[in-house]
Amino acid sequence: MTYFVRRLAPFYIAALIIELIETSVLCVIERANMDFSFAAMARVAGVLLLQMTISFLYMAVPLALYFALLPKNKTFGRFDRRFTFVLFTLFLIFNIFEEVSECIFWEEFESSFNFIAVDYLVYTKEVIGNIMQSYPVFEITGTIVAVSILIARPCRRFLFPNVATPSVKQRVAAVLGLLLLCTASYFAVDIKLAEKGENRYNNEVSKDGLYSLFSAFIKNELNYRDFYVTRLNRENAAFLKKDLKQKGTTFKNDADSVERKITSEAPEKKLNVIVVVMESMGYEFFDELHPDHIMTPNLSRLSKEGIFFSRTYATGTRTVRGLEAVSLSIPPLPGMSVLRRKENENLHSIGSVFKEKGYDTKWLYGGYGYFDNMNYFFGNNGFEVIDRTDLDDSQIRHANIWGVSDEDIFDRVIREADESYAEGNPFLQLVMTTSNHRPFTYPEGKIDIPSKTGRFGAVKYADFAVGELIKNAKTKPWFNDTLFVFIADHGAGSAGKQELNPETHRIPWIFYAPKHVKPKRYDFPVSQIDMLPTLLGLLNFDYDSVFYGKDALKPDYAPRYFVSNYQYVGYSKDKDLVVLKPVKAVTYYKDGKQTKEPLPDLLEGAVSYYQHASDWRDLYRNVSADNKSPK
C-alpha cells in the first residue's frame, strides 16, 4: 500500500492545490454573498475535501492500474519515468481545464456543475459551437497546457519515490481495494451533504466540480414519492379541487382525479393564435424598470395596448421548463422537464386542445429541434414540426450555433400563417426564439448596439424583431382575427441567496389583439402554467382539462405560483415560499426571509400540486389518448 500511496501522492496533492485555488477564486468573486464565519467556512472546507478526495479515488483507478500492471523490473525505469511524467502532465491539464470550465460555468449560472451542465454535455454540437463563439477557446487551452508543463517539470522528482515495488499479486490486491473504496464512497456519500448549509453560495462553493457533475448525471430524474414530502392521494386531490375550482368548472366524479370540464357562458372565439416564447426575456429588461436605458420599446408598447401580467413567474431556469409550462400547464417536477422524459407522447396539451377545435397546429423553432428533445415532444403532441432544417438558407439573414435570428423565424411564422389562412383554417403557432442567448449575435445594423457585445444588445434585438413581426402581420388579412401571446421561457439569471429566488424567475406575459382585447394591466402574481388556461378562457373555449393552471382573468382567480431548480421545487403565495427538496426536507420563507416556523397551508398546497402532478403519465393520457400528430 505504501508503494501506491507514495506514487499517487503527487497527483492527489496537485489536484488538491488546483481545487483550493479555484475555490479561493470563487470565494473572492462571491465575497459579498458568502458567510465567512469560522463554522461556515470549516464546513465548506470539510465538504470540499471529502468530495474532492472521492473524485480523486475515481481518477486514480487508471493510474493505479498502470502502476499495478507495470513489470517489476520496469518500475522507475526509462519508460516508466517518461510515461509517468506524461500522465502527470495530462492529469494537470485535465484538472486545470475542469476548474477553469467550472469558473466559466459559474459566471453564467452562479453554481457548481449541475443538471444544466449534464444536459448541455449531451448536445455537444451546440455546446461546443456556443463555447467557440463565446470564448477564446484556443487561447485558454494553450495557456492551460503551457501552465501544466511549467508545473510538471519541477514536480518530476516527486513522481518517483524511493520505495520498494511490491509483487504483482500485492499490487492487484491494492487496486481491488481501491475499487472497493470507490464503491463504498458511492453509497456512503451524497451531494446532499454539500446542500445542508443555510447559505446557498457556501453550499455551491463547497462542491467539487467533477463530483457534482457526475452526481447530477446519475440523479437526473427523481421519483417524487421517494424523495419528497407526501400525503394521501385523496387529500391532495381534495385540496386541488378546491384550489382549481373556478366559475364554469365541473369536476369528474373521481375522488383521486382533477379531470374536469371547463365551459364558457359566452360564444367561442375561433381566433388565430401565435404564442411567442421568448428566450431569456426576464422582466428585469423591461423599460419601466430603467427608463433611462431603453431596451424593450416594442414589448413595452404591446404591454400597454394589450393585457399585461407584470408579475408572471417562470417555473424554471431552462427553455424546456418554459415550454413545458405553456404547453402542458403542469408544475415543474423535480429533475428533467417532461419534454426530456420517456413516455411523453400523446398527452393532453395545448396542441391536443386546439387540434380538437380544428386548428392547424405548428411548432416553429429557429434552431435544431432535436436539442432538448423538442421536436420529438411537439411532433408527438399535436404539432407539425418546423425547425432549422426546414428553413431555406437563401432567406436567412443571420445564424449562429443555436439557430437563425428572430427576424428569420418570424418571417416563417408569417408564411405559415398565410398558408393556413389561404386554406381556410384557423391556426395555432407555438414559436420559440433564440437570439437572446450567448453568444448574443444577430444581424448588424438593426439596432444601435453591435452584435456580440453582450446580453443587452441581444435583448434589444429580440424586442426589435417582435416589432417587425407585428408590423408585418398588420399587413395581412388574418391579423385582425389573430391573438398574439408573448411570454418568456425563463429569466436571464436564477441565482440568489435563497435556495430558490422567485424574483429572478419574473417574466413578462402579454396578450395582444387590438380588435378583441382591451388594454388592461394586472399586478398580482401569476404562474407561467396559468397562460394556457387563461388563453383558452379568453377564447371562451369549452374543453376537458387536467391542467394545473388557472384562468387568471376570472374574478375568482386566487394567486399562487411555482418555481424550481431541478431538485428544489417551490410553491409561493406572494412573499411566502415553501421549498421541497430531497430527502423529505422542507424550507420555509416568510416575507422573503427563511423561518423555522412552519407554514402548513403553504406546505399543503405545495405537496398537493407536486405529488399529484408526479402521476402525469397516467393523468394527462386519460383525457386525450388519440392525439398523435404528423411529424
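## Basis of the description

Helices (H or I, at least four residues) and strands (E, at least two) are DSSP runs, numbered from the N terminus. The model is predicted, so that local features need pLDDT of at least 70 and side-chain atom pairs count only at pLDDT 80 or more, while totals for chains, interfaces and linings use all residues. Residues are numbered from 1 along each chain as its sequence is written, and side-chain values use heavy atoms, leaving out hydrogens and water.

Helix 1 spans residues 2-29 and includes Ile29. Together with Ile13, Ile17, Ile21 and Val25, Ile29 makes a nonpolar surface patch of about 450 Å².

## Helices 11 and 19

The axes of helix 11 (residues 233-244) and helix 19 (residues 600-613) come within 9 Å and cross at roughly 105°. Helix 11 is therefore roughly perpendicular to helix 19 (the class for angles of 65 to 115 degrees). Axes are lines fitted to C-alpha atoms, for helices over the stretch in contact, with angles from 0 to 180 degrees between N-to-C directions.

Contact (heavy atoms within 4.5 Å) involves residues of helix 11 including Phe239 and Leu240, and residues of helix 19 including Val607 and Tyr609.

An open sheet of 3 strands has antiparallel pairing in the order 1-2-14; strands pair if DSSP finds at least two bridges between them. Strand 1 (249-251) and strand 14 (543-545) are the edge strands, each pairing on one side only. From one strand to the next, the twist averages 25°.

Strand 2 (residues 260-262) pairs with strand 1 over 3 bridges in the antiparallel sense. Arg260 in strand 2 is the bridge partner of Phe251.

How values were computed
Patch = residues over 30% accessible without salt bridge, like charges linked within 9 Å, V, L, I, M, F, W, Y side chains within 5 Å. Areas by Shrake-Rupley, 256 points an atom, 1.4 Å probe, with all protein chains shown as cover. Salt bridge = Lys/Arg side-chain N within 4 Å of Asp/Glu carboxyl O. Parallel < 35°, antiparallel > 145°, perpendicular 65-115°, else oblique.
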